Amino acid sequence: MINGLKPFSYSGRFITFEGIDGAGKSTHIQFVTDLLREKGYQLVVTREPGGTALGEKLRDLLLHDKMNLETEALLMFAARREHIAEVIEPALKRGDWVISDRFTDASFAYQGGGRGLDLDKMRQLEAWVHPHLQPDLTFLFDVSPEVAQSRLEAARSPDKFEREKADFFNRVRHEYLRRAEEFPNRFRVIDSSRSIGAIRETIKELIGEMD
């Protein structure tokens, strides 16, 4: 196990993908999904905010509606609690591998780093919502906000986070890297400015460590 002891018995694995908007993480989720299915693993591929019927309703509010910062953080964790209870923990107990596009590290990065919410409040929410559950492996796709922004310009209509300025994403990136330093056993920081082929070779090696 990459992340140590578990509070309940399960044989599945929990992998999360993180990074600022435009870092390219979504590009590699399908690659990892295909790779693990070729190895014969049963997978659940999900995302945050979202992953459940309630979570998807909250996602629409969170990505498009203006709201108080603490309201935003509380709704993120409310969607997460539902996600864990309804999707993540049942899948892990079945022995499935769970692949999630974002998890709590994103809340620390966006609401904490980007928006400036007190990190102690974030830690309290984390300890309440999932006191014993952490990903086994977290891929952090790291790239400068300038490169990320150039990628987003060709993307779909941006949500409220994607419309933020470079200084916001610099703060988000800084908090992601701080989290990676705090939890080096589960984080793997990937230079997302490299070619897709080079990144995928790195991912294959890291996934191989979990077999």
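In helix α5 (residues 119–129) of this predicted model, Met122, Leu125, Glu126 and Val129 are buried, where buried denotes under 20% relative accessible area and exposed over 50% (1.4 Å probe, protein chains only). These residues cover an arc of only 100 degrees around the axis, which puts them on the same side of α5; the arc is that of the directions from the helix axis to the C-beta atoms. Gln124 and Trp128, on the other side of α5, are exposed. The cover over the buried residues of α5 includes α3 (69–94), α4 (104–114) and α7 (166–182).

Residues are numbered from 1 along each chain as its sequence is written. The model is predicted, local features need pLDDT of at least 70, side-chain atom pairs count only at pLDDT 80 or more, and totals for chains, interfaces and linings use all residues, while side-chain values use heavy atoms, with hydrogens and water left out.

Helix α8 (residues 196–208) has 13 residues. Its buried residues are Ile199, Ile203, Leu206 and Ile207. Seen down the axis of α8, the buried residues fall within an arc of 95 degrees and so line one face of the helix. They are covered by elements including β1 (13–18), α1 (25–38), β4 (137–142) and β5 (187–191).

Val32 is placed in helix α1 and counts as buried because its relative accessibility is 0%. Not counting residues up to four places away in sequence, Val32 touches Phe17, Ile99, Ile203 and Ile207, contact being defined as heavy atoms within 4.5 Å.

Conventions: Helices (H or I, at least four residues) and strands (E, at least two) are DSSP runs, numbered from the N terminus. The expected span of a helix is 1.5 Å times one less than its number of residues.
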